[in-house]
Amino acid sequence: MHPHAGASLSRRRFLALSAAGAATGAAALNGCAMQVSSGVSGGGETVTLMVKPDDISPELVRQAQKDIGVKIVTVRYDITKLIGMMTNGAPPDLVRGVGATDAPYFAARDVMEDLDPYFAGSSVLKVDDLDPVNDLWRYDGRTQGKGPRHGMAKDFSQDSMFWYNTALFDRAGVDQPPETEPVTFEEWLENAKRLTRRKSGQTTVFGGSYNGVLTPNLLASLTAAAGGSLFTDDFSRIDFTTPEARKALSWYIEYGRARVGPSIVQPDPNTWDGPTFQANRMAMSNSGYWLGGLINSDKKLAPHARLAPAPLFEGGRRVSPCQAGTGLWMPKKARNKDAAWRVFEWFFGEGPAKARASSGWGIPTLKSLRPLMPAQEDYQKRVLKVQNAELKHFSVIAYTPYATADSLYALFNQEAPAAMNGHMSVDTLAGRLNSVMNEQLKRGKEQVG
């Protein structure tokens with residue numbers, strides 16, 4: 001059974017529930033502040049945020065004090081420290097999290113505040129203005145995407161979309177992808193092979209990068225694109241041997257074997273796609289609209305950079321999910337909930353949200369802020385056309401509440417290199433992944449009840 005609302009949670013029990021650690025997000029919560037409108041004053045309260053170092057800048061902390069009269073104190077995000085603060089009855093007032101994976105994990109453990117009453121009474125964050133991506137933060141006790149809202153995304157990308165460099169396509173004699181119609185994953189991989197350049201045994205140009213935010217939710221998205229589900233109906237087990245999951249796994253292993261892009265067997269020295277794509281050393285990157293914040297700042301690169309729809313498998317279905325949805329949530333035992341909600345409104349709906357929307361670093365999660373997305377230059381208008389057409393293909397890919405994405409990611413990284421190096425078949429890998437991951441999920445289910 002789930003612990004009842006407000007129940008005391010022992011440190012031992014919470015450590016058991018969270019043994020694998022919480023998933024981390026790829027996107028930061030940064031942004032510059034703008035003057036806000038007629039928000040209710042925070043009345044001089046102090047709100048503690050557990051965030052990562054670059055999530056909220058010192059300038060933004062000062063701006064909060066000026067705009068809404070609330071003092072923000074930040075604590076570095078650390079799962080062990082979070083557990084200690086929560087079990088000692090003094091948790092942070094707001095905690096950063098990745099909606100796609102953290103929301104079901106923490107909500108199933110009954111430690112997240114139900115924010116529906118706050119949204120219902122807000123004049124800043126109106127439910128009918130929320131982009132559907134915020135459904136990643138909903139959980140009804142069984143399925144992600146339904147039930148109460150436990151948090152909100154600061155911005156988002158449809159992370160299976162990819163950017164491509166037209167100059168590198170032209171140089172290699174490869175046809176550019178259609179503007180609003182998806183290529184197949186099979187075509188994407190063939191193009192990546194043709195676009196890859198090597199010299200003296202070293203890769204000088206990656207043909208394409210396709211790693212998603214974290215491998216487990218990437219594989220869940222790929223399986224959905226193949227027409228299936230990576231998890232069983234109750235999310236208690238994973239099965240890589242179904243035809244759809246095997247197709248997804250086989251494609252990703254072939255991507256690694258082909259050495260066309262960064263992977264666990266061929267790391268990118270830059271550690272992420274941005275610098276490599278910017279240096280004209282990567283022809284395609286599945287970073288979604290979010291990477292536009294970097295591209296827009298490079299006036300030489302921007303005219304050659306294009307955004308393309310999420311690929312689909314031959315015979316599969318068209319899906320274009322968000323694999324992150326990074327934002328904030330409020331612990332049930334937070335001590336200063338009203339002031340925390342005021343910070344929440346300000347951060348997600350007022351000055352900081354407007355600044356993020358106009359920067360190009362992600363799609364705003366309030367529909368009313370979409371007109372602020374960059375559209376001054378012709379290339380920005382072209383990108384926006386593609387992105388707006390893709391929005392109708394968004395759907396929530398529900399994730400298991402019984403393990404963190406990080407824990408499953410670590411298990412994948414233990415097993416997959418042998419397959420990517422050609423020393424293990426995909427079928428053998430599928431069996432091994434089922435074995436080790438289902439043991440992890442079994443323990444998680446026993447802990448939750």
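**Second pocket**

I looked up the lining of the second largest pocket and found that β5 (144-149) gives the most to it, with three residues. Strands (E, at least two residues) and helices (H or I, at least four residues) are DSSP runs, numbered from the N terminus. A pocket here is an open set of points on a 1 Å grid over the protein atoms alone, where a 1.4 Å probe fits, with protein on both sides within 12 Å along at least five of seven lines; lining residues have an atom within 4 Å of a point.

This is a predicted model, in which local features need pLDDT of at least 70 and side-chain atom pairs pLDDT 80 or more, while totals for chains, interfaces and linings use all residues. Residues are numbered from 1 along each chain as its sequence is written, and side-chain values use heavy atoms, without hydrogens and water.

I noted that α8 (215-225), like β5, supplies at least two lining residues. The volume of this pocket is about 240 Å³, taken as the space filled by probe spheres set on the points, which are joined across faces, edges and corners. Of its 17 lining residues, Ser-229, Arg-317, Val-396, Ile-397 and Ala-398 are the closest to the centre.

**Helix α4**

I checked α4 (residues 99-108) for burial (under 20% relative accessible area; exposed is over 50%, partly exposed in between; 1.4 Å probe, protein chains only). In α4, 10 of 10 residues are buried, Tyr-105 among them. Arg-109 lies over the face of Tyr-105, at 3.7 Å from the ring centre; the criterion is NZ of Lys or CZ of Arg within 6 Å of the ring centre and within 35 degrees of the ring normal. Just after α4, Asp-110 takes a positive phi of about 60°.

**Aromatic pairs**

I recorded 26 aromatic pairs in the structure. Rings of Phe, Tyr and Trp (its six-membered ring) pair if their centres lie within 6.5 Å; planes under 30 degrees apart are stacked, over 60 edge-to-face and the rest tilted. Phe-119 and Trp-341 are edge-to-face, 5.1 Å centre to centre with 80° between the planes. Phe-119 lies in α5 (residues 116-120) and Trp-341 in α12 (residues 337-349), so the pair ties together parts 222 residues apart in sequence. Both Phe-119 and Trp-341 are buried.

Phe-344 and Phe-348 have ring centres 4.4 Å apart and planes at 50°, so this pair is tilted. Both residues lie in α12, four residues apart, about one turn of the helix.

**Positive phi in a loop**

I found Thr-271 in the loop between α9 (243-258) and α10 (273-278). Thr-271 has a positive phi of about 70° although it is not a glycine.
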